[in-house]
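Here's a quick briefing to read alongside the model. Have the sequence and the 3D view open, and follow the residue names as they come up.

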Amino acid sequence: MRFTLLAVLGLLVVLAPLYAPYFSTIMVWELRKAFAWLAPAVAAVAALALLPWLVSLVRRDNRGVPAGEGVKTLGCLGVIAGLALGVVWLVYGSYLQDRAYMAGTQIVTEAVPDLAARSPYVVGKAQAAPHLGDVTGEIADITYLPDADRFATLVERRGWLTGYEVGLVQEVPLGGGGRSQQRCTFDVAVADARIGGWFGHNLGRKISAQKRWVRFEASDAYVTCSGDTPVVVVPLKRQTGLLTVTERPAGVALYDGRTGKLTLTTDTADVPGSSYPKSLAARQRESTAAVGSFADWWFERSGWDASEDGANEGNESEFTLRYRDGSGRSAYVTPLTPQGEASSVVAVSMVPTRHRGGGLAPLTVHRLNPTWSSPKSIVALVKAEYRDVCCYNDDQVFEIVPTGGATWTATIGSEQNIRYRVEGRGQVGGREVSCLKAADGSLIRCAYAAPGSPEEQELTRREDAKRKQPESNAPPDVGDLKGYTPEQLAELNRRVNEEVNRRLKGGSQ
């Protein structure tokens, strides 16, 4: 009976990929990662543990008596040595994994390409709820769509056996008054699956049923509106490697919110939004810690971290920004600080939001010269230099993001109204170069403009124009009154009185 039960359980495990592709995919992913870490350790322990047994076989006497206690001691030492080797592999294997993720990484001194500023993520998040109207669901995700310069909000329907309720795509302008929005509703009777749903309402199950051995991060998924049809886009990942297991992109899953149809494709050219997994871009950026030797990696002497202070707290990395050249390209952009106590921003990493093929997207680290102050210091600078506009009532300094060259942009305002932006260019002569602009980018003034910069040229032009322009309130020059005769002065006085009386009576001016 016991043997039959074990045979049935074994058969169920073997056939799991046929009847349970979702759970078998999860199991294979986790076992594959565990095998990568444990296989060398287990092999080392087994080899060193078997060594004393082999020695004892050789040293047996004719009567079959074992060789003695020395063999047992050797066996214990072999197990200890095997465990030690396993621990070493666990550490060194992490370094090799980071090195694998760094494949294709470039570290350059070229300036960061010009990037377009956008509304901060927290502003897009704050403005989503008021625009949902009578929707009763819970906001599951908010994502910036660089192709359309919009923020997309995905709303889950309340209940256990339910999917999504609505998708909202809204314009959150950095400057200007346009606030267009589009709301597309799911057919809850047909498209009733969601990420993390229960039983047959789990979108992950549907994906595994079509394609096994691929997984995803819930934070990578987002919604778009194709007309009135909501489409949930889920960037997929696959595993590669044996003893050094890493992840690679595997296309996207498109879930139609009207028909419930699920489409998996590796052709992401027409996908509206970021098709490269953001979580994979973050993992590549974290792997830069292995840019040096193993000793440098172990003692944290190489690589960079995302800046984690100041206005960017809670949203410090992988800012989705568009290129300013009008090419339609976009990238995940992160300001980087050295590992350790230093907080100045010394580099900027960039990973494209779209990538063809099944390999890793290229990661480029742009070293900055000059470097920035830390985001926390930049916030203090903005409050000190522009205290007349920052920060009153609910106004605050939001995201500080790279926008090209050695330039950063900080936005000022409330969650419902972005009023200003401050653009800076790092430190020049010990001073942080910065200029205050309106939300739409028009220059207001500079705390310190870099010599030869466009801002300095614009301010010089304004000063020259102001000097050349006559004072608008100054009366016309009538010459030296001492040269007038009494009759001329009397006539001048009469004309002035007549003009004053005429204007007081409401005559033409």
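Predicted model: local features only at pLDDT ≥ 70, side-chain atom pairs only at ≥ 80, totals over all residues.

Residues are numbered from 1 along each chain as its sequence is written, and side-chain values use heavy atoms, with hydrogens and water left out.

**Disulfides**

- Searching the whole structure turns up two disulfides (a disulfide being a pair of cysteine sulfur atoms within 2.5 Å).
- One of them links Cys184 with Cys225, at 1.9 Å from S to S.
- Cys184 sits in strand β6 (residues 181–185) and Cys225 in strand β8 (residues 222–226), so this pair ties together parts 41 residues apart in sequence. Helices (H or I, at least four residues) and strands (E, at least two) are DSSP runs, numbered from the N terminus.
- The Cys184–Cys225 link is left-handed, with -70° about the S-S bond.
- Both Cys184 and Cys225 are buried; here buried means under 20% relative accessible area, exposed means over 50%, and partly exposed is in between (1.4 Å probe, protein chains only).
- Cys435 and Cys446 also form a disulfide, with their sulfur atoms 1.9 Å apart.
- That pair ties together parts 11 residues apart in sequence, because Cys435 is in strand β20 (residues 431–438) and Cys446 in strand β21 (residues 443–448).
- The torsion about the S-S bond of Cys435 and Cys446 is about 100°, so this disulfide is right-handed.
- Cys435 counts as buried at 3% relative accessibility, and Cys446 is buried as well, with a relative accessible area of 18%.

**Salt bridges**

- The count comes to 17 salt bridges, where a salt bridge is a side-chain nitrogen of Lys or Arg within 4 Å of a carboxyl oxygen of Asp or Glu.
- Arg158 and Glu138 make one of these, at 2.6 Å from N to O.
- Arg158 is in the loop between β4 (150–156) and β5 (164–170), while Glu138 is in strand β3 (residues 138–145), so to speak linking distant parts of the chain, 20 residues apart.
- Arg158 is exposed, with a relative accessible area of 52%, whereas Glu138 is partly exposed at 40% relative accessibility.
- Lys237 pairs up with Glu217 in a salt bridge, with the closest N and O atoms 3.6 Å apart.
- Since Lys237 lies in strand β9 (residues 229–240) and Glu217 in the loop between β7 (214–215) and β8, the pair ties together parts that are 20 residues apart in sequence.
- Arg445 and Asp388 meet through their side chains in a salt bridge, 2.6 Å from N to O.
- This one links distant parts of the chain, 57 residues apart: Arg445 is in strand β21, and Asp388 is in the loop between α9 and β17 (396–404).
- Arg445 is partly exposed at 29% relative accessibility, and Asp388 is partly exposed at 44%.

**Surface patch**

- Trp160, Leu161, Trp198 and Phe199 make up a nonpolar patch on the surface, with about 530 Å² of accessible area together.
- Patches like this are built from residues with over 30% relative accessible area and no salt bridge, joining like charges within 9 Å and nonpolar side chains (Val, Leu, Ile, Met, Phe, Trp, Tyr) within 5 Å. The areas come from the Shrake-Rupley method with a 1.4 Å probe, and for residues only the protein chains shown count as cover.
- Trp198 is in the loop between β6 and α6 (203–210), and is partly exposed with a relative accessible area of 41%.

**Helix α9**

- Pro375, Ile378, Val379, Leu381 and Val382 are buried in helix α9 (residues 375–385).
- Looking down the axis of α9, the buried residues fall within an arc of 160°, so they line one face of the helix. The arc is that of the directions from the helix axis to the C-beta atoms.

**Polar contact**

- Ser330 is in strand β14 (residues 330–338) and is buried, with a relative accessible area of 7%.
- The side chains of Ser330 and Thr353 are joined by a polar contact of 2.5 Å. A polar contact is a pair of N or O atoms within 3.5 Å; within protein, one must be able to donate a hydrogen and the other to accept it, and residues adjacent in sequence count only if both atoms are side-chain atoms.
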